[in-house]
Amino acid sequence: FGVSVSYLDSELDTTVGSSDFSNLVFGADYKLAPGLTPYAEVALFDMEPAAGLGVADDDGTVVLVGTQLNF
């Protein structure tokens, strides 16, 4: 069984202002059998572009579910 938490916070300064991006990811996997590992991840992100770019804020959630097979 494995779990993880990752966090990224980034800022970009430009001539029209500052853009910010953050990303928080939670993950888990479980070795069900030799060579078979199901996993799941949830990522939450938020982007705030510089006001001078004329682009709207963006945020969202990404969900990944899968199985890793090794043989």
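Strand 3 and strand 4 each supply at least two residues of a nonpolar patch; strands here are DSSP runs of E with at least two residues, numbered from the N terminus. The model is predicted, so that local features need pLDDT of at least 70 and side-chain atom pairs count only at pLDDT 80 or more, while totals for chains, interfaces and linings use all residues. Residues are numbered from 1 along each chain as its sequence is written, and side-chain values use heavy atoms, with hydrogens and water left out.

The nonpolar patch lies on the surface and is formed by Val 5, Phe 26, Val 42, Leu 44, Val 63 and Val 65, which together have about 540 Å² of accessible area. Accessible areas come from the Shrake-Rupley method with a 1.4 Å probe, and for residues only the protein chains shown count as cover. Patches are made of residues with over 30% relative accessible area and no salt bridge; like charges are joined within 9 Å, and nonpolar side chains (Val, Leu, Ile, Met, Phe, Trp, Tyr) within 5 Å. A salt bridge is a side-chain nitrogen of Lys or Arg within 4 Å of a carboxyl oxygen of Asp or Glu. Val 65 is located in strand 4 and is exposed, at 70% relative accessibility (buried means under 20%, exposed over 50%, and partly exposed in between, with a 1.4 Å probe and protein chains only).

A patch of negative charge is also present on the surface, where Glu 48, Asp 57, Asp 58 and Asp 59 gather. Asp and Glu count as negative and Lys and Arg as positive, whereas His and the chain ends are not counted; the place of a charge is taken as CG of Asp, CD of Glu, NZ of Lys or CZ of Arg. Asp 58 belongs to strand 4 (residues 58-69) and is partly exposed, because its relative accessible area is 39%.

Phe 45, in strand 3 (residues 36-48), is likewise partly exposed, at 24% relative accessibility. Residues up to four places away in sequence not being counted, Phe 45 touches several residues, among them Phe 21, Ser 22, Asp 58 and Asp 59; contact means heavy atoms within 4.5 Å. The C-alpha atoms of Phe 45 and Tyr 7 are separated by 9.8 Å, although these residues are 38 residues apart along the chain.

Ser 22 is part of strand 2 (residues 17-29) and is buried, because its relative accessible area is 18%. Beyond four places in sequence, the contacts of Ser 22 include Tyr 7, Leu 44 and Phe 45. Thr 37, in strand 3, is buried at 15% relative accessibility.

Notes
Helix = DSSP H or I, 4+ residues; strand = E, 2+ residues; numbered from the N terminus.
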